[in-house]
Amino acid sequence: MSLKAGIVGLPNVGKSTLFSSLTLVEAESANYAFTTIEPNVAIVNLKDERLEELAKIASSKKIVPATFQFVDIAGLVKGASKGEGLGNKFLANIREVDAIVHVVRCFEDQNIMHVNNKINPIEDLKTINLELILADLQTIDNVINRIGKKAQNSSDKLLKLEFETAKKIRQNLENEIMIKNISLSEEELKIIKSYQLLTQKPMIYIANLNPEVFNDLDNNKHYNVLKNYLMEQNEILIPISIKLEHEMSSWSEQDKLMILKDYNILESGIDLIIKKTFYLLNQATYFTAGEIETRAWTFKKGQNACECAGIIHSDFEKKFVKAEIIKYDDYIKYNGEKGCRENGKINIEGKNYLMQDGDVCFFRVSK
């Protein structure tokens, strides 16, 4: 199950360079709008030190990490929801991702044009979010027009709930409130699942800065304006220098650490983006370990053992019998499956066991 995050923002804010840094693949980038017309897609490994430790103990021939797909979506502009700047095509690309990484420019550079000829992070952010809101309004209006009369003259409770839910969402969107910030019941969420609404997707914001400012973030005007605004909205903001991250993307880990230390940066912004996006999607990781391979599998928190077995293969879910579960710390402490078995650290769980992050699993299935 590969998750997909879409990188969005105005033209020339650093999206394609961020994509290149994330994936070590050079996406086309240039100093003009709409360089990226087809979305670039690449797979990024989710760093997890636990995999290496498990593989050593299991003497695995192969290590397979969990992965993310990152999509470099071309720059949106004002009017995208009405088709401006190839907007409809780009909005369709956003519908296909699980989360949105929203890049906001917080640096001055006369050599890199700004689509509005001025640096204003809040205005830039609002331009993108408003286009997403307007696109969702179109979708919701279509739903209301399709079911409105029938719902008002019907005794169908589900149809009436869908109509009321659509009206509730439209009212919030008209007040420029994104759907992810609306309180919705499980029933309402189930109803709108098929709508593929853009503003329902979880989002993190990236403040793209010049490398020199990291030792003095408190005095960076553009960054602090953006930070204060997003704090009020209870949103996640990650300050990074995409230029610096791109330069470091091909370096050794040791060289990266030295440079990060020089800039007083505790952790690579690239690693933070991947971790935060994973967290945002409410994901966790379980492992399978053996001589052939040690592999990480991603699952949504709250999924049970039977559902998690199905992530490996759909037949495993259908033919699930039981799961043998070893906690990661026990696997390390007792030097693998044999030691855990000898010390009673393997738990036999049924299909309703809620999988936990770090569980090392062996699924038994019927023939």
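1. A salt bridge here is a side-chain nitrogen of Lys or Arg within 4 Å of a carboxyl oxygen of Asp or Glu. The model is predicted: local features need pLDDT of at least 70 and side-chain atom pairs pLDDT 80 or more, while totals for chains, interfaces and linings use all residues. Residues are numbered from 1 along each chain as its sequence is written, and side-chain values use heavy atoms, without hydrogens and water.

2. The count comes to 18 salt bridges. In one of them, Glu253 pairs with Lys47 at 3.3 Å, N to O. Glu253 belongs to helix H9 and Lys47 to the loop between E2 and H2, 206 residues apart (helices, H or I of at least four residues, and strands, E of at least two, are DSSP runs numbered from the N terminus). Lys47 and Glu253 also belong to a salt-bridge network with Lys256 and Asp271.

3. Asp359 and Lys327 form a salt bridge with their closest N and O atoms 2.8 Å apart. The two residues lie 32 residues apart, each in a loop. Asp359 is buried, at 0% relative accessible area, whereas Lys327 is partly exposed at 31% (buried is under 20%, exposed over 50%, partly exposed in between, with a 1.4 Å probe and protein chains only).

4. Arg341 and Glu324 meet in a salt bridge at 3.2 Å, N to O. Arg341 lies in helix H14 and Glu324 in strand E10, so the pair ties together parts 17 residues apart in sequence. Glu324 is buried at 7% relative accessibility; Arg341 is partly exposed at 43%.
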